Structures are given as C-alpha cells and as structure tokens.
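Let's walk through this protein together, starting with its charges and overall build and then moving inside. Please keep the 3D view open as you read.

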Amino acid sequence: MNKKFHFLNHTSFLIEYDSYYLLLDPWPTESLSFDSWKTHPPCFIDSNILASFVNSSDDKSGIIISHGHDDHCDDSFLKKIKPTTPTFFPDYRSKGSLNRLKANNLNNILLLNSLKKRKFGPFEIYSFIISQHSEDDAV
C-alpha cells in the first residue's frame with residue numbers, strides 16, 4: 001500500500017494512494033489570483049507537465065476543487081485537463097463556481113455532499129458545507 005502526500009504550493013497537494021492520484025485545489029500556473037496574488041511558494045512542477053501527468057494516468061487521476069476562488073481553481077490550468085477527468089466539487093446552492101468549471105470544458109464533474117460518499121479507486125470523498133459560516137466554502 002503506497003501512500004504519499006506531495007505538496008505543490010499554497011493549498012495544492014497531489015495525494016498518491018496505490019497508483020491513484022487526487023490533485024487538490026490546483027494553482028500551478030503563474031496566473032494571478034484576485035488580480036494581485038501570486039502563488040507562494042511557486043509550484044515546483046511545471047503546469048504543462050502536471051497536466052500531462054493527469055491526462056495520461058488512465059483514469060486513475062482526479063481533481064478536487066474545494067471552492068471557486070482563483071487560488072483554488074486555476075482556469076488556465078484546468079483548460080489543459082482532458083474533459084473526462086473526474087472532477088469532484090461540493091454541491092453548493094449557488095451554481096456560479098460549478099458553471100466556472102463547466103466553462104473550462106470539464107464535463108465529468110461529480111458533486112459532493114455529506115450524505116453521499118463518492119468512491120474513486122481507494123478514496124472515499126465527501127464534502128461538508130457549514131452553512132452557518134459560509135455557503136460557498138467546504139471541507
């Protein structure tokens with residue numbers, strides 16, 4: 001059983017578990033977030049190499065986007081990802097961020113909530129939205 005966590009930058013991680021991979025909140029490019037933020041530290045993997053890895057992993061790579069802020073949802077990177085890549089996203093009441101993912105040509109978006117687990121290889125994925133805090137953030 002091989003388990004590894006690879007820190008990429010900011011909130012971006014690549015989780016490896018028995019030849020399956022989950023990429024969390026990718027922001028590997030030099031794109032500015034909120035028109036002023038830069039990734040710190042910069043991602044040590046070139047975004048084209050990371051996209052090629054995700055795209056060539058024989059359906060064993062997926063992406064989790066926790067919410068639609070620029071520093072968690074890099075449009076310029078997501079446009080490089082093949083549309084059929086499993087993309088896990090919380091089922092927020094507001095559909096603006098979901099529409100953002102669809103605008104990046106991702107068409108295998110699997111909505112998450114706290115009642116239904118999603119299986120992806122060895123992973124079980126849930127999402128918990130604490131509405132007393134925010135309706136647009138999840139864990």
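Predicted model: local features only at pLDDT ≥ 70, side-chain atom pairs only at ≥ 80, totals over all residues.

Now step back and trace the fold. The chain has three helices and eight strands, and reading along the sequence gives the pattern β-β-β-α-β-α-β-α-β-β-β. The radius of gyration is 14 Å, close to the 14 Å that the globule rule gives for 139 residues, so the chain is as compact as a globular protein of that length. Along the principal axes, the C-alpha atoms fill a box of roughly 40 × 35 × 25 Å. If you look at contacts between residues at least 6 apart in sequence, 55% of them join residues at least 24 apart.

Next, let's go inside. Of the 139 residues, 41% count as buried. In soluble globular proteins, nonpolar side chains tend to be buried together. Here, the largest nonpolar core has 20 residues, and those with the most contacts inside it are L23, I65, F77, L78, I81, F89 and L101. The elements that each give two or more residues to this core are β3 (20–24), α1 (47–55), α2 (75–78) and α3 (96–103). Of these, α1 gives the most, with three residues.

Leaving aside residues up to four places away in sequence, F77 touches L23, P26, P28, T29, S47, L50 and A51. There is also a second, separate core of eight residues, which includes I15, L112, F120 and I125.

Finally, visit two loops where the backbone deserves a look. Which residue lies in the loop between β3 and α1? That is D25, which has a positive phi of about 45° although it is not a glycine. Is D25 buried or exposed? Its relative accessibility is 8%, under the 20% cut-off, so D25 counts as buried.

The other stop is N105, in the loop between α3 and β6 (109–112). The phi of N105 is near 65°, again a positive value in a residue other than glycine. With a relative accessibility of 54%, over the 50% cut-off, N105 counts as exposed.

Terms used. Residues numbered from 1 in each chain as written. Heavy atoms only, no water. Core = buried A, V, L, I, M, F, W, Y, C linked by side-chain atoms within 4.5 Å. Buried < 20%, exposed > 50% of the residue type's maximum accessible area, 1.4 Å probe, protein only. Helix = DSSP H or I, 4+ residues; strand = E, 2+ residues; numbered from the N terminus. Contact = heavy atoms within 4.5 Å. Rg over C-alpha atoms; globule rule 2.2 N^0.38 Å.
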